[in-house]
Amino acid sequence: MDKKQSEQRNHVMEERLLQARGGMGVLIVNTLLIILAIAVFVVGVVFLEGGRHVLGAVLLAVGALYGFIIGPILYTGLRVLRPNEAMVLTLFGQYIGTLKGEGFYFVSPFASSMAVPTFASTSAAFNDEVMQVQSTGKGDVAVKVSPTRRKISLKTMTLNNDRQKINDSLGNPIIIGIVVIWRVANTARAMFNVDNYIEYLSIQCDSALRNIVRQYPYDAADDAEAGEKSLRGSSQEIASSLRDAIQEKAEIAGLEIIEARITHLAYAPEIAAAMLQRQQAAAVVDARQLIVEGAVGMVELALERLSEREVVALDEERKAAMVSNLMVVLCAGKDAQPVVNSGSLY
């Protein structure tokens, strides 16, 4: 197993930065040389018409070769990169390096840049800082490989997975959705180690989410031990575990997972009503327990004050009746109705 993993690591492409020349100097020099070549071509035509055939033919060939063939080919080696963009270049099928950094560059005219996956316009919104893509939660993220797009975006992007139905550790079906903030950290791995790094990330997010959710209950039970984690009560810990799980799988694709957060968490519709009744019943029991504890304290305080101030002397039977009446009044869900006793207390 270790040997197999070692072989896989040996096949992982590593990024190499390409040291390219400035494109502005090459553009100016090449343009001047093309103009000069055209002038030489014209002079060669004049020499041919004047009878100097050998020199005219040489000048004509040199001028035509550079002015109409070599010069225009050199223009194809000019590359322009904006901030947070990169370009993966290959020469005759071999990876020669990644061009990074904003500017105007000149590379080999025969070097070709890799086509990168792009987001479908119907399901993605772009701005200058963050790009968003909507996933269906089934691994079929709306992306495509565009033959015209040759630049990899190094911007921070968000993958907003659709809500999924997953069973928690207790078997309760829940609806959960996450958002993953990520960026391309290694362009060579992203282009050569996986077929489509955006689709790959979407699938790994779905897989990691299911594995993490199955390990925790939706909510901690009343008799649970202190410190037991749950999806609702330990959102930060769950998000950290989810990020680590996705990062482990995305490492081979050269992606950096900056953050993973739960955006939606709820019981599935088929059990939502029953769980709501359970929560309401637990809340009523807790409220009643608090009321009883308060009523016992008030009754105890009332008896102590009556005894200390000697307002009235009560035997045990009358104390029991008074306690019963006070408990009924304090614990009742309705307002007490006053009763006027016109007779004797005894």
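Select Phe92 to begin, in the loop between β3 and β4 (94-100), where helices (H or I, at least four residues) and strands (E, at least two) are DSSP runs numbered from the N terminus. Phe92 has a positive phi of about 55° although it is not a glycine. Most residues other than glycine have a negative phi. At 72% relative accessibility, Phe92 counts as exposed, on a scale where buried means under 20% relative accessible area, exposed over 50% and partly exposed in between (1.4 Å probe, protein chains only).

This is a predicted model in which local features need pLDDT of at least 70 and side-chain atom pairs count only at pLDDT 80 or more, while totals for chains, interfaces and linings use all residues. Residues are numbered from 1 along each chain as its sequence is written, and side-chain values use heavy atoms, with hydrogens and water left out.

Next, move to Asn84, in the loop between β2 (78-81) and β3. Asn84, not a glycine either, has a positive phi of about 60°, and with a relative accessible area of 43% Asn84 is partly exposed.

Now colour the whole chain by secondary structure, which gives eight helices and 15 strands. Of the 346 residues in the chain, 32% are buried. Among contacts (heavy atoms within 4.5 Å) with a separation of 6 or more, 70% come from residues 24 or more positions apart.

Show α5 and α6 together as the next stop. Two packed helices are described by the angle between their axes and the distance between the axes. Here the angle is about 135° and the axes are 9 Å apart, with axes taken as lines fitted to C-alpha atoms, for helices over the stretch in contact, and angles running from 0 to 180 degrees between N-to-C directions. The two helices α5 and α6 are therefore oblique to each other, given that angles under 35 degrees count as roughly parallel, over 145 as roughly antiparallel, 65 to 115 as roughly perpendicular and the rest as oblique. Residues making the contact include Tyr200, Leu201 and Leu209 of α5 and Ile238, Leu242 and Ile246 of α6.

For another helix pair, select α2 (residues 23-49) and α3 (residues 53-75), whose axes come within 7 Å and cross at roughly 155°. That makes α2 roughly antiparallel to α3.

Finish at Ile166 in strand β13 (residues 164-167), which is buried, with a relative accessible area of 2%. Beyond residues up to four places away in sequence, the neighbours that Ile166 touches include Pro173, Ile174, Leu209 and Val213. The C-alpha atoms of Ile166 and Val213 are separated by 7.2 Å, although these residues are 47 residues apart along the chain.
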